[in-house]
Amino acid sequence: MLACGRLQPAWTLAGIFAALSSRLGGDTEPLDEPSIQRLVEQARSGDRIAAQRLYRQHVDRVFRVVRGVLRSNAEAEDVTQDAMLTVLTSLDSYSARSDARFAAWVTSIALNTARRRFRRRRPELTATGELPDVVDEHAEPEGAVDTARERAALLRALAELGPTEREIVSLRYGAEINASEIAEIVKLEPTNVRKILERTRERLGARIEALLKQGAFI
Amino acid sequence: MTDAEITELWVTLEPSPRERARIENRVLEWVEASETSLVTEWLDLIKANPIGGLGLVAASALSLLMLSPVGWIASSILR
């Protein structure tokens with residue numbers, strides 16, 4: 001059924017190549033904003049391949065942000081799923097702006113979804129983080145251990161931050177959006193966001209370095 | 001730590017391949033489950049390609065009719 005709804009785009013050669021490309025992981029290269037906006041327009045007019053490409057362009061970013069805010073991978077997985085569904089079903093309510101990228105809109109939906117989850121069940125952030133449930137089989141074992149150690153250090157350092165600081169750094173480093181875009185999402189002045197970012201980056205960086213030196217995670 | 005180093009560190013929070021596949025399956029499953037009706041799809045097909053689309057729609061409607069109990073009853077009456 002997936003390929004039959006709007007046959008025009010799906011059955012063209014370009015559509016078939018796009019489908020193959022996304023199946024083979026060809027959507028992992030980040031697209032520029034004009035390309036993203038084109039995908040939004042195509043997805044709005046019913047092009048499912050475009051919707052899938054939009055999904056694949058943003059899903060990891062959303063997961064990185066919500067994982068920084070929530071306590072576990074399982075919660076991050078649920079929230080990412082809900083947020084991406086909201087994104088794909090609310091494209092008609094999105095209006096393009098020159099001062100904020102599409103990613104900022106997606107991320108604001110993700111953060112609001114995470115906040116609702118936070119309110120429903122007050123999470124205790126993981127103190128130690130957790131190992132990934134699947135280690136990349138192609139990665140060197142040593143590299144996988146390093147990644148797990150860094151991840152655990154980051155999660156522990158994040159757990160020691162206040163909720164607003166955690167949200168702001170997660171948006172900055174997880175979604176890679178700028179201070180003005182963050183300010184709009186967290187409803188603060190951009191200057192305040194920049195100050196918080198500066199202060200938190202120093203604190204977070206120092207804490208992560210200290211934790212990695214201790215090396216007490218694994 | 002620099003901005004770039006912290007950004008790089010955040011990559012460690014990405015979902016595992018298994019988590020990524022689970023999320024994708026659930027999202028795309030839901031999107032497919034909320035697809036448009038067959039009639040809407042036929043209309044879209046005709047809009048996209050009026051001549052070829054009409055032929056395909058007629059063929060699929062006929063095959064649906066012939067394979068359904070309504071089709072069996074109709075054909076047995078006609079015989």
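Analyst: This is a predicted model. One pair to begin with is A:E184 and A:R97, which form a salt bridge with the closest N and O atoms 2.7 Å apart.

User: Why is the pair A:E184 and A:R97 called a salt bridge?

Analyst: The cut-off is 4 Å between a side-chain nitrogen of Lys or Arg and a carboxyl oxygen of Asp or Glu. The closest N and O atoms of A:E184 and A:R97 are 2.7 Å apart, so the pair meets the rule.

User: Which parts of chain A does the pair of A:E184 and A:R97 tie together?

Analyst: A:E184 is in helix α9, while A:R97 is in the loop between α5 (73-89) and α6 (102-120), so the tied parts are 87 residues apart in sequence.

User: Is A:E167 buried or exposed, and how do you know?

Analyst: Buried means under 20%. A:E167 has a relative accessibility of 11%, so A:E167 counts as buried. A:E167 also forms a salt bridge with A:R115, with the closest N and O atoms 2.7 Å apart. A:E167 belongs to helix α8 and A:R115 to helix α6, so this bridge ties parts that are 52 residues apart in sequence. A:R115 is partly exposed, at 23%.

User: What makes A:E165 and A:R199 a salt bridge?

Analyst: Their side chains meet at 3.8 Å, N to O, and the limit is 4 Å. A:E165 sits in helix α8 and A:R199 in helix α10, so the pair joins parts 34 residues apart in sequence. A:E165 is buried at 15%, whereas A:R199 is partly exposed at 48%.

User: Which residues do salt bridges with shared partners join into one network?

Analyst: The network holds A:E77, A:D78, A:R117, B:R22 and B:R26. Over all chains the count comes to 21 salt bridges, and across the interface of chain B and chain A the rule finds 8. A:R172 and B:D3 also meet in a salt bridge, at 3.3 Å from N to O.

User: How do you know that chain B and chain A touch, and how much area do they bury?

Analyst: Contact means heavy atoms within 4.5 Å. By that rule, 32 residues of chain B are in contact with 46 residues of chain A. The two chains bury about 3800 Å² between them, 63% of it on carbon and sulfur atoms. B:M1, B:W10 and B:L13 supply 20% of the area that chain B buries against chain A, more than any other three residues.

Notes. Residues are numbered from 1 along each chain as its sequence is written. Chains are lettered from A and ligands numbered from 1 in the order in which they are written. This is a predicted model: local features need pLDDT of at least 70, side-chain atom pairs count only at pLDDT 80 or more; totals for chains, interfaces and linings use all residues. Side-chain values use heavy atoms; hydrogens and water are left out. Buried area is the accessible area (1.4 Å probe) that two parts lose on being put together, summed over both. Helices (H or I, at least four residues) and strands (E, at least two) are DSSP runs, numbered from the N terminus. Buried means under 20% relative accessible area, exposed over 50%, partly exposed in between (1.4 Å probe, protein chains only).
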